[in-house]
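Here is a friendly tour of the fold, written for someone who likes to check each item in a viewer. Please have the coordinates open as you read.

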Amino acid sequence: MEYAIIIGIDHYDKRALSGAVADAEAFAKFLTDMQLVSNPDNIKLLKSDASNQIVIGYEIDSAIEAITENAKTHRNETNRIYFYFSGHGIGNTFNNTALCMRFWPKMINHCISSLDYLTGLINKGIFDEVLLFLDCCRENDTMIKGLPPIGDWQNKVGERVPKVLVCNSTIYGKLSYEVSIDSNQKRGAFTSFLIESLKGDADTNNSGRITALDLKQHIENNFPTYALKYNKIQNGSASTDNGGDNIVICEVKKLEEAYNFEITFNRNSNVTLYNKNADKLRTDNVVTGDKWHYKLEKGNYVLVDNVSGEQKTIINFSENTMGYEQF
Amino acid sequence: MNNSDVKFHILVAFNQPVEGLHLVLVDGDLQIIYAGYTSQLDMFVEKGIYRLKVNLIDYYQEYLLIVDADKTFHFDFDYPSVAPILSFKATHDYLCKNLEAFSIQSTNPNTPDRPNFLFFGAKYDKNTFPELVPVTLLTSYSILSSTNEILIEFNTDNTRFNNEEGWFIFSGKLDNGLYFLKANGTEDPRIFPFYIYDHYQTQFMIRYHNKADMENCFFFYSNKQSFRREAEEYLVLDKIMYAFKDYKNFQQLTDSDHGIIREHPFLVTLVRALQILATGENTDFTDCEFLPLPDLELLAGNKQLIELNNLLPVLSAVMTRFAVNENNSGINFEQELLIDMVIDYVKYDLYWNNFSQIDAPYSNLTGFMDRLDELTRSFITHPYIINVKGNTYQERLIQAVTRLIATNQTKEAIKLLTRADSISTIAQQLNLPTSQVFRNFDTYNDIYNKINPTQ
């Protein structure tokens, strides 16, 4: 059975965020759409709003307990839990991030420890796979101490030792950025990349499925490129434990559409699209609003404005995901 | 990719002579065909679209290579260098030439009272943020003595500036010893300690975007006595600082970098402190001259030197940039030290001078002067401070507070002293790190008072 605790906090007293709730919603939708959590009731989506006081911490512990109780009834199945957080964060150590709760920083140390919560989930003894995704800053502050889960989280129950995957949006000591994916909505650069990765971009060997190892390598090799597209320098990091590399996160759906890339033009000019072999795919006059649709293989492509000489690199990570570019 | 056997010769080089670039070349199929540390690529590849990924320290840049013939690619590497060196994008002729000329002129041995302190402030680019005008910036800076007296305030008479080109430069002659550079005109006021030594020029460099880039400003102690635009030591300084973040990064220093370190005692000192902190022993450059900067000596655990100097509980600004903990292999700062407080709360500043951080009102002025002495005596019994010879801290604190009184900032002064007195007690009672209490004094003080109603 699959379970998910998904947290998104925009509404901090100071330094409010814009895209964390949208990221959490998008991640929950992704899990639902991909049927990675087969029972929608098993997704606990905790998101802040101007009119509520979520998330202040106890809801997370409560959700974990509810999930644990349910998982016990599926003891003979392979149980997987996703723990996703989007909000402010503070780097305590290389493997521990203080995840800031709703009233941070007004309420002292209103943070939870990612490492303690990971340990708590492992020690429940009911999960076979634990996947953590943290989209938050990890600027260093050794003085902040994230709170542990309520209850007996330190003592291991049972014999199950789950496979573990932990993905961080940024390396220790560095910032994590929100970017304008479209003109109306800011989103965490990492979450946007993560969802596209799991939809198929991370299937680098075209195996039709994405393992934790695939995702790790894709984050390492390609997330800096993705962030740079939004003029941000950001490196993600991912680590596994206890055979976590072998976790099959999801199967990749084959894209049925006739095209997998849409280029929208915002200029009046003459443009050439070069394929990965540096051969011309198409040269044409374009006007603002024109769209080109292509079924592109995985690879590097280039758009060249033949009048101004401007170039734009297009990277298609997978034939099975839709790509969009503006030029 | 093509199945063609035809391969093209490509040469990729950079317009900036940078050592230690990490290059990754990705072909049209997104396969990595080269990864390694080098300053240029000379190889044969098939026709196609390539991307070159370049890393230096924590800066990252990508380049597009369209290969359809033998080609030579010359790229600019736009490392955001604070020192105007090596023709980076942020360097600009109008910055490096002026700084070099002024530096040489001001350090000419024939110049009376040859300056041993050089300050360089500049925008990253003169064409950005037109509202930022150097003549209005230079008055933000002043130099204080170790007893908190203002020695020099930058002004239009003693500081060179060019509003169009976005720079201002100061140089001056100071006696050997400890000083403070105060930056007061920003939203984030700072006080930086620095030292003046015989046969060294102390250099401070700071750049501006829409405001001062306090995160990346730095001091450099130059035994070369002047600035040169082709100087590589500033980039080596950045690499060493990156190693303070994670000692594994020390491996990125090239042989050439090691040669540069040997020539600069300040860099030797940094490596010395780095290695002692990270590995417990100093293994490199042990035969080289080093500069005994007190705060670095403190980090390196040289208590003997601490006792011999009028040293303040501060870190060099460059050190605090990368003061982080990594499991067991990185730099660990001892809890409870005032150093932690400095890092934790006001980062680069002397916490007791950073009164702008204190905004809550305080109304109890009764018995202030009596309380002052009591509080400061309590203050100097801190475990760190008692290792320092003499009453330096008490004197310094009293002077700072006295000056505050003169400028009608008594409330802040009392509150600050109250904090200094109570922090250790509250921290002990609540079993919390002192710096955590320091940061959140009001809240923890309330909790403490509720637990101890007789207080």
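This is a predicted model: local features need pLDDT of at least 70, side-chain atom pairs count only at pLDDT 80 or more; totals for chains, interfaces and linings use all residues.

Chain A holds five helices and 20 strands. Of its 327 residues, 56% count as buried. Among the contacts in chain A with a separation of 6 or more, 71% are between residues 24 or more positions apart.

**Chain A: a helix pair**

- Helix 4 (residues 189–201) of chain A packs against helix 5 (residues 212–229) of chain A at an angle of about 130 degrees, and their axes are 11 Å apart.
- That angle makes helix 4 of chain A oblique to helix 5 of chain A, since roughly antiparallel would need an angle over 145 degrees.
- The crossing of helix 4 of chain A with helix 5 of chain A is right-handed.
- On the side of helix 4 of chain A, the contact is made by Ala189(A), Phe190(A), Ser192(A), Phe193(A), Leu194(A), Ser197(A), Leu198(A) and Asp201(A). Helix 5 of chain A meets them with Leu215(A), His218(A), Ile219(A), Asn222(A), Phe223(A) and Tyr226(A).
- By type, the residues of this contact between helix 4 and helix 5 of chain A comprise nine nonpolar, four polar and one charged.

**Chain A: a sheet with a helix across it**

- Three strands of chain A form an open sheet in the order 4-5-6, with antiparallel pairing.
- Strand 4 (89–93) and strand 6 (111–113) of chain A are the edge strands, and each pairs on one side only.
- On average, neighbouring strands of this sheet are turned by 25 degrees against each other, direction ignored.
- Strand 4 of chain A is joined to strand 5 (residues 96–100) of chain A by four bridges, and the two run antiparallel. Within this pairing, Ile90(A) stands opposite Ala98(A) of strand 5 of chain A.
- Helix 3 (residues 114–123) of chain A lies across strand 5 and strand 6 of chain A, and runs at about 50 degrees to strand 6 of chain A.

**Chain B: a mixed sheet**

- An open sheet of three strands in chain B has the order 4-1-7, and its pairing is mixed.
- Why does one side of strand 4 (41–46) and of strand 7 (71–75) of chain B lack a neighbour in the sheet? Strand 4 and strand 7 of chain B stand at the edges with a single partner strand each, so one side of each is left without a neighbour in the sheet.
- Neighbouring strands of this sheet are turned against each other by 25 degrees on average, direction ignored.
- Strand 1 (residues 7–14) of chain B runs antiparallel to strand 4 of chain B, with six bridges joining them. The bridge partner of Phe8(B) in strand 4 of chain B is Val45(B).

**Chain B: a covered strand**

- Strand 9 (residues 141–145) of chain B is mostly covered, with five of its five residues buried.
- Tyr141(B), Ile143(B) and Ser145(B) point one way from strand 9 of chain B, while Ser142(B) and Leu144(B) point the other way; all are buried.
- Strand 13 (residues 177–183) of chain B runs antiparallel to strand 9 of chain B, and five bridges join the two. Here Ser145(B) stands opposite Tyr179(B) of strand 13 of chain B.
- Strand 10 (residues 150–153) of chain B also pairs with strand 9 of chain B in the antiparallel sense, over three bridges. In this pairing, Ser142(B) stands opposite Glu153(B) of strand 10 of chain B.

**Backbone details to look up**

- The peptide bond between Ile54(A) and Val55(A) is cis, with omega about 5 degrees. Val55(A) belongs to the loop between strand 2 (43–47) and helix 2 (58–72) of chain A.
- His199(B) has a positive phi, near 65 degrees, in a residue other than glycine. The loop that holds His199(B) lies between strand 14 (190–196) and strand 15 (201–208) of chain B.
- Is His199(B) buried or exposed? His199(B) counts as exposed because its relative accessibility is 67%, and the cut-off for exposed is over 50%.
- Phe285(B) is not a glycine either, yet its phi is positive at about 60 degrees. Phe285(B) sits in the loop between helix 5 (265–279) and helix 6 (294–299) of chain B.
- With a relative accessible area of 6%, Phe285(B) is buried, as buried means under 20%.

Key. Residues are numbered from 1 along each chain as its sequence is written. Chains are lettered from A and ligands numbered from 1 in the order in which they are written. Side-chain values use heavy atoms; hydrogens and water are left out. Buried means under 20% relative accessible area, exposed over 50%, partly exposed in between (1.4 Å probe, protein chains only). Two strands pair if DSSP finds at least two bridges between them. Axes are lines fitted to C-alpha atoms, for helices over the stretch in contact, and angles run from 0 to 180 degrees between N-to-C directions. Angles under 35 degrees count as roughly parallel, over 145 as roughly antiparallel, 65 to 115 as roughly perpendicular and the rest as oblique. A crossing is left-handed if the near helix is turned anticlockwise from the far one by less than a right angle, and right-handed if clockwise. Contact means heavy atoms within 4.5 Å. Ala, Val, Leu, Ile, Met, Phe, Trp, Tyr, Cys and Pro count as nonpolar, Asp, Glu, Lys and Arg as charged, and the others, Gly among them, as polar.
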